[in-house]
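Work through the exercises below with the sequence and the 3D structure at hand. Each task is followed by a solution in steps.

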Amino acid sequence: MFPDTASSKTTLLSPARRLSRRQLLGGLLGLSAASLMPWATWAWASETHQVSEKEVANFLALSERLTGRESLDAKIAGRAYRVLMEAGEDFPARQRQLAQAMEQAGLTDMRKFKAFAAAQDQTVVDTAMAIISAWYLGYTGTPQGHSATDDTRFVTYTGALMFEPTIDATVIPTYSRGRTNYWHTPPDTLATD
Amino acid sequence: MATQYDADVIIIGSGALGSNAAFELARKGKSVIILESGERIPRWKILENFRTSSRKSNYNDPYPNAPWAPTSFDENYITNTGDFEFLPGMLRLVGGTTWHWAAATWRYTPNDMKLKSTYGVGRDWPIDYDELEPYYQRAEYALGVAGSDTDDQNGQGGDPWPPRSEPYPVPPEAPSYYYQRLKERIGAEGYHFIHEPNARTNQPWDGRPACSGNNNCMPVCPIGAMYSGDVHASHAEAAGARLLTDATAYKLEKGDGGKIAAVHCRSSNGDDTRLTAKYFIVAANGLETPKLLLISDVANSSDQVGRNLMDHTGMGLQFLADEPLWPGRGQIQEGGIFDWRDGDFRRQHAAIKHALTNKVPNEAVTRRLLDDLIVGPTLDERIRHDAARWVDISTTFEMLPHQSNTIRPSSTYKDALGIPTMTVNYSVDNYVKRAGEVAKKDFANFVRIMNGEVVEDDTGWQNRDHIMGTVIMGDTAENSVVDGDCRTWDHANLFLSTTGVIPASGVINPTLTGVALSIRVADTIAKEV
């Protein structure tokens with residue numbers, strides 16, 4: 001039903017032509033107002049230099065749904081989107097596949113993600129986890145402890161969501177809670193932790 | 001006409017050991033040149049490199065990795081031929097690898113240094129504890145070591161041990177809540193928790209601030225509370241030493257009378273320089289030092305250079321305790337369980353140290369949850385729950401020296417300067433494997449006592465980056481590379497300042513001993529030059 005907007009065709013077109021094609025598709029499909037994420041079926045840039053603000057905004061919206069957050073940082077979204085594209089040129093297509101699958105399954109409550117994942121292709125699950133991991137860990141890829149190189153890419157440090165749940169109790173390493181020997185007593189929240 | 005020299009003493013390597021020797025010699029008025037293969041990098045740049053790194057668990061990553069001065073994680077830096085992948089995290093910059101060492105500064109005990117005569121295994125040191133004690137004291141003051149004057153560091157709950165002539169320069173920091181609770185519960189079953197003496201000062205010391213709990217001792221202390229070798233590289237310069245960076249020593253030149261006449265070094269643009277001195281100290285760490293000696297064909301009449309390689313090869317345990325302990329508040333190491341530090345069991349198996357790791361565990365916690373497809377609000381709840389309960393124990397084992405555990409210049413690979421890289425052959429022996437079984441029983445006890453959920457209790461052998469034995473110290477020229485003064489048997493004016501001289505590894509981090517020996521080397525040379 002939907003045209004294949006994957007990279008191999010699109011990159012042969014001129015930038016102006018690509019833009020109009022994307023706008024065209026976006027305009028047409030955006031009419032399905034009932035969709036949770038209508039942009040799931042839009043054409044997407046296939047290389048990082050093509051990425052538009054609109055696409056980052058769409059990625060941000062998907063990220064917010066995947067992480068259960070209402071206001072993720074748009075700058076971090078831009079970096080995460082680009083490095084995920086660098087890591088796999090088919091990322092836009094995979095992201096579209098994920099968004100469509102979430103839409104079809106009506107997945108809005110991420111507490112139900114495991115059940116959703118069980119019914120999906122592994123690529124859909126992997127894409128979701130790649131996006132969630134980038135936000136939580138602040139990098140993409142798999143670090144190699146004893147190598148000068150690996151496939152990781154930096155997204156954010158202090159913005160990594162993994163620090164939010166504990167920010168009142170521990171530190172983001174290299175930063176300080178400000179006082180020598182503060183660590184002698186436990187966090188005030190201990191009784192409810 | 002008298003011979004002219006470029007310096008009284010040339011020191012190869014600006015790490016903690018070389019820089020302390022340089023400072024001691026320079027302040028006695030000796031002319032000193034320090035050769036450093038890497039560059040001087042300010043702390044703030046290393047800190048920013050860390051914060052923007054995508055591989056923060058890789059402790060070499062924030063540091064320069066130049067083709068002419070690669071870190072040990074560079075491809076082909078070490079080629080392994082043994083059954084263990086030996087690969088310590090070594091750095092190349094002014095200050096050396098103490099930029100990321102966590103600063104554990106234990107002393108050996110008298111028994112550690114007489115392992116053969118006490119327990120019939122391994123080797124003895126040719127010097128005893130009493131000989132080293134005043135130098136331990138000086139090293140502790142140089143580094144601003146915080147320690148307990150009341151602990152029995154043998155882990156038997158006895159009187160303070162080993163003997164000290166003076167108190168620690170800095171009192172111990174307060175124990176974290178995490179440490180206190182583990183000590184209360186695990187200690188209740190008879191395990192002895194010992195504070196780890198450390199060079200992360202908790203009160204101002206020698207221009208360094210007090211630790212503020214930034215929890216990033218490895219790979220870089222952001223505020224310089226933790227000691228690193230650049231402190232004494234700078235002190236040495238202030239005392240008159242000349243520090244040359246981008247100067248990789250690649251050959252020691254033999255001269256008349258069995259002496260070393262010169263060192264040849266090369267810069268990143270290929271310029272070679274020959275420098276002469278009355279005395280030479282090679283302080284290029286326990287791998288690069290034997291490599292330089294072997295390439296230069298010096299100091300090896302015993303055939304012991306590059307043999308007897310010992311790490312404190314280790315294991316790890318992670319589990320979730322049944323109560324919130326909140327690791328990650330304070331310094332990343334605090335101490336551990338020392339019941340297996342010394343005793344008659346050392347006839348049968350290696351000494352064992354269980355060290356508590358107190359790092360903010362969020363990355364490991366989160367990766368584990370993501371692997372289990374836990375996302376959304378549940379993920380946030382579980383991160384807090386699990387991070388509060390994460391217990392990480394890093395266990396190390398005493399090693400014995402073996403002829404077959406070797407470091408050699410590579411016959412295949414060279415670095416950008418044309419200098420061979422290294423080949424290592426390293427295996428773990430039954431003395432350690434037997435201790436591994438004992439450690440696993442302890443692991444099971446710790447998990448049981450804390451009513452824990454095991455995350456990982458079978459890590460296999462792990463690197464600990466404590467390089468010893470490779471230029472071994474001994475009592476005869478036939479069985480060792482250096483004598484008890486760290487002077488090479490073959491060359492009266494060549495000394496080695498490296499933990500590679502250590503002949504009996506014990507189970508404690510060896511750097512403080514290396515600094516103590518280096519200060520002693522400087523004293524010896526200062527009397528002669």
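Predicted model: local features only at pLDDT ≥ 70, side-chain atom pairs only at ≥ 80, totals over all residues.

The lining of the largest cavity has seven nonpolar, four polar and one charged residues.

**Exercise 1. Find the volume of the largest cavity and the residues that line it.**

Step 1. The volume of the largest cavity is about 80 Å³.
Step 2. Its lining consists of Arg200(B), Cys211(B), Ser212(B), Asn214(B), Asn215(B), Asn216(B), Cys217(B), Cys221(B), Pro222(B), Ile223(B), Ala225(B) and Met226(B).
Step 3. Sorted by class, these give seven nonpolar, four polar and one charged residues.

**Exercise 2. Describe the second largest cavity by volume, lining and class.**

Step 1. Its volume is about 50 Å³.
Step 2. The lining is made up of Pro70(B), Tyr77(B), Arg92(B), Glu288(B), Lys291(B), Asp415(B), Pro420(B), Thr421(B) and Met422(B).
Step 3. Two or more of these lining residues come from each of α7 (285-296) and β14 (420-425) of chain B.
Step 4. β14(B) contributes the most, with three residues.
Step 5. By class the lining of the second largest cavity holds four nonpolar, one polar and four charged residues.

**Exercise 3. State which element gives the largest share of the lining of the second largest pocket.**

Step 1. The second largest pocket has a volume of about 590 Å³.
Step 2. It is lined by 23 residues, and those closest to its centre are Asp126(A), Met129(A), Ala130(A), Ser133(A) and Gly141(A).
Step 3. At least two lining residues come from each of α4, α5, α7 and β1 (139-140) of chain A and from α8 (362-371) of chain B.
Step 4. The largest share is that of α7(A), with seven residues.
Step 5. The classes in this lining are ten nonpolar, six polar and seven charged.

**Exercise 4. Check the length of helix α5 of chain A and find what its buried residues pack against.**

Step 1. The buried residues of α5(A) are Phe91(A), Pro92(A), Gln95(A), Arg96(A), Leu98(A), Ala99(A), Ala101(A) and Met102(A).
Step 2. They pack against α3 (53-67), α4 (74-87), α6 (113-118) and α7 (122-137) of chain A.
Step 3. Just after the helix, Gly106(A) has a positive phi of about 65°.

**Exercise 5. Is Ser14(B) buried or exposed?**

Step 1. Ser14(B) sits in the loop between β1 (7-12) and α1 (16-27) of chain B.
Step 2. Its relative accessible area is 1%, and the cut-off for buried is under 20%.
Step 3. Ser14(B) therefore counts as buried.
Step 4. Apart from neighbours within four places in sequence, its contacts include Ile34(B), Leu93(B), Gly229(B) and Leu243(B).

**Exercise 6. Where in the chain do the partners of the salt bridge between Arg153(A) and Glu86(A) lie?**

Step 1. The side chains of Arg153(A) and Glu86(A) meet at 3.3 Å, N to O.
Step 2. Arg153(A) is in strand β2 (residues 153-154) and Glu86(A) in helix α4 of chain A, 67 residues apart, so the pair links distant parts of the chain.
Step 3. Arg153(A) is partly exposed at 25% relative accessibility, and Glu86(A) is partly exposed at 45%.

Methods
Residues numbered from 1 in each chain as written. Chains lettered and ligands numbered in written order. Heavy atoms only, no water. Helix = DSSP H or I, 4+ residues; strand = E, 2+ residues; numbered from the N terminus. Expected span 1.5 Å × (residues − 1). Buried < 20%, exposed > 50% of the residue type's maximum accessible area, 1.4 Å probe, protein only. Contact = heavy atoms within 4.5 Å. 1 Å grid on protein atoms, 1.4 Å probe; cavity = no way out; pocket = protein on both sides within 12 Å on 5 of 7 lines; lining within 4 Å. Points joined across faces, edges and corners; volume = space filled by probe spheres on them. Nonpolar A, V, L, I, M, F, W, Y, C, P; charged D, E, K, R; others polar. Salt bridge = Lys/Arg side-chain N within 4 Å of Asp/Glu carboxyl O.
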